[in-house]
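Colleague: I would like to learn how to read a model like this one, feature by feature. Please give me the general idea each time, then the case at hand.

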Amino acid sequence: MIGFGVCVASAKRYEAFAYRGIERVRTQDPDLALIVVHDANSLPEGYNRILAEARSLARLDALVLCHEDTEITDPSFVAKVRQVLSDDQVAIAGVVGARGLTGIAWWEAEGYGRLVETRGALDFRCYEADVEMLDGCILVLSAWAVANLSFDEERYVGFHGYDADICFEARSQAKRVVVTQMDVVHHNRPGLGDREAFTAADAAFRAKWGLPEGQHSFPEGRCDGRSM
C-alpha cells in the first residue's frame with residue numbers, strides 16, 4: 001500500500017491540485033490510503049501527525065508527503081515509486097534537490113532533477129542522483145523512513161527547513177536521499193514570502209548540522225511562507 005499525506009491550509013487549493021493528483025494516482029492503484037491534516041500549526045507538526053497515523057497502516061510500502069498545491073500528473077507514478085524504493089538503502093525520494101549545501105537555500109547549491117512550477121520549469125538536466133536535500137513540495141518516504149524518522153518540530157516551527165532536516169536525518173543514518181524523474185506540477189504562489197521565518201529556519205538548520213553562517217539570495221517565488 002502507498003499512503004499519501006497532505007497538510008491543508010486552503011481546501012480550495014487542496015481540492016484543485018493535491019487531491020486531483022492523488023485521485024489520478026488512484027486509477028493506477030486503488031489500494032492507497034489518504035491522510036489529511038487540516039489544523040497543523042506547522043508542516044513539521046502536521047507531518048509528524050501523518051507519520052503517526054501511517055505507522056498504524058498495514059502493508060505500507062511508501063508514504064508520499066506533498067504540499068496542497070502539488071499535483072501529481074505522472075501516469076506511471078506508482079510504478080516509479082516502487083522502482084525507486086526497490087533499493088532498501090533509499091529512505092527518501094523527490095523530484096528536485098541539491099548537493100553541496102551551505103544552508104536550506106538548496107537552489108544556490110548544485111541542483112538535480114526537474115520540477116514544473118507556476119512560473120516555469122526548474123530543469124537541472126540530471127534526473128537520477130543522490131543528493132543531500134530534496135525540495136519539500138513532494139517527499140516519497142520508504143517504509144523504513146516512516147518507521148524510523150520524524151520531523152523536528154521544535155526547531156522548525158513554520159514552513160521552512162523541515163525538508164532539509166529530514167533528508168540530513170536520513171543520511172546521518174547511512175541511508176540514501178535521491179532525486180528521481182516523476183512528473184508533478186507545483187502550483188506555487190509567486191513572491192518572496194516570509195523572509196524572516198526562512199532566515200530563522202536556516203539558522204536553526206546550520207546550528208544543528210554544523211554548517212557555517214552565510215547569506216542567501218531569495219529568487220522570485222522560491223521562499224514562499226504559504227507554500228504548504
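**Reading the model**

Modeller: Start with one side chain: at 36% relative accessibility, Arg82 is partly exposed. Local features need pLDDT of at least 70, side-chain atom pairs count only at pLDDT 80 or more, totals for chains, interfaces and linings use all residues, and side-chain values use heavy atoms, with hydrogens and water left out.

Colleague: With which residue does Arg82 form a salt bridge?

Modeller: Side chains of opposite charge can pair when their charged atoms come close. The rule here asks for a side-chain nitrogen of Lys or Arg within 4 Å of a carboxyl oxygen of Asp or Glu. Arg82 pairs with Asp61, and their closest N and O atoms are 3.0 Å apart. Arg82 is in helix H3 (residues 77-84) and Asp61 in the loop between helix H2 (43-54) and strand E3 (62-66), so the bridge ties together parts 21 residues apart in sequence. Those labels are DSSP runs, numbered from the N terminus: helices (H or I) of at least four residues, strands (E) of at least two. Asp61 is partly exposed, at 37%.

Colleague: How many salt bridges does the rule give?

Modeller: The count comes to 18.

Colleague: Which residues does Lys208 pair with?

Modeller: Take Asp152 to begin with: its side chain meets Lys208 at 2.9 Å, N to O. Asp152 lies in the loop between helix H4 (143-148) and helix H5 (162-172), and Lys208 in helix H6 (residues 195-209), so parts 56 residues apart in sequence are tied together. Asp152 is buried at 14%, while Lys208 is partly exposed at 24%. Lys208 also bridges to Glu169, with the closest N and O atoms 2.9 Å apart. Glu169 is in H5 and Lys208 in H6, so this pair links parts 39 residues apart in sequence. Through shared partners, Asp152, Arg155, Asp165, Glu169 and Lys208 form one network.

Colleague: What does Val140 contact?

Modeller: Contact means heavy atoms within 4.5 Å. Beyond four places in sequence, the partners of Val140 include Ala62, Val64, Val81, Ala93 and Met182. Leu141 sits in strand E11 (residues 138-142) and is buried, at 0%. Among the residues it touches beyond four places are Leu51, Leu65, Leu85 and Val146.

Colleague: How many aromatic pairs are there?

Modeller: Rings of Phe, Tyr and Trp (its six-membered ring) pair if their centres lie within 6.5 Å; planes under 30 degrees apart are stacked, over 60 edge-to-face, the rest tilted. There are 10 pairs. Phe151 and Tyr162 have ring centres 6.2 Å apart and planes at 50°, so they are tilted. Phe151 is in the loop between H4 and H5 and Tyr162 in H5, so the pair connects parts 11 residues apart in sequence. Phe151 is buried at 4%, and Tyr162 is buried at 2%. Trp106, Trp107, Phe124 and Phe198 make one aromatic cluster.

Colleague: Which ring does Lys175 lie over?

Modeller: A charge sits over a ring if NZ of Lys or CZ of Arg is within 6 Å of the ring centre and within 35 degrees of the ring normal. Lys175 lies over the face of Trp144, 4.9 Å from the ring centre.

Colleague: Where does pLDDT stay under 50?

Modeller: pLDDT is the predictor's confidence in each residue, from 0 to 100. Residues 217-228 stay under 50, with 53 contacts beyond four places in sequence in the model. Where pLDDT is low, the predicted coordinates should not be read in detail. The chain averages 91, and 92% of the residues score at least 70.

Note on methods:
Residues numbered from 1 in each chain as written. Buried < 20%, exposed > 50% of the residue type's maximum accessible area, 1.4 Å probe, protein only.
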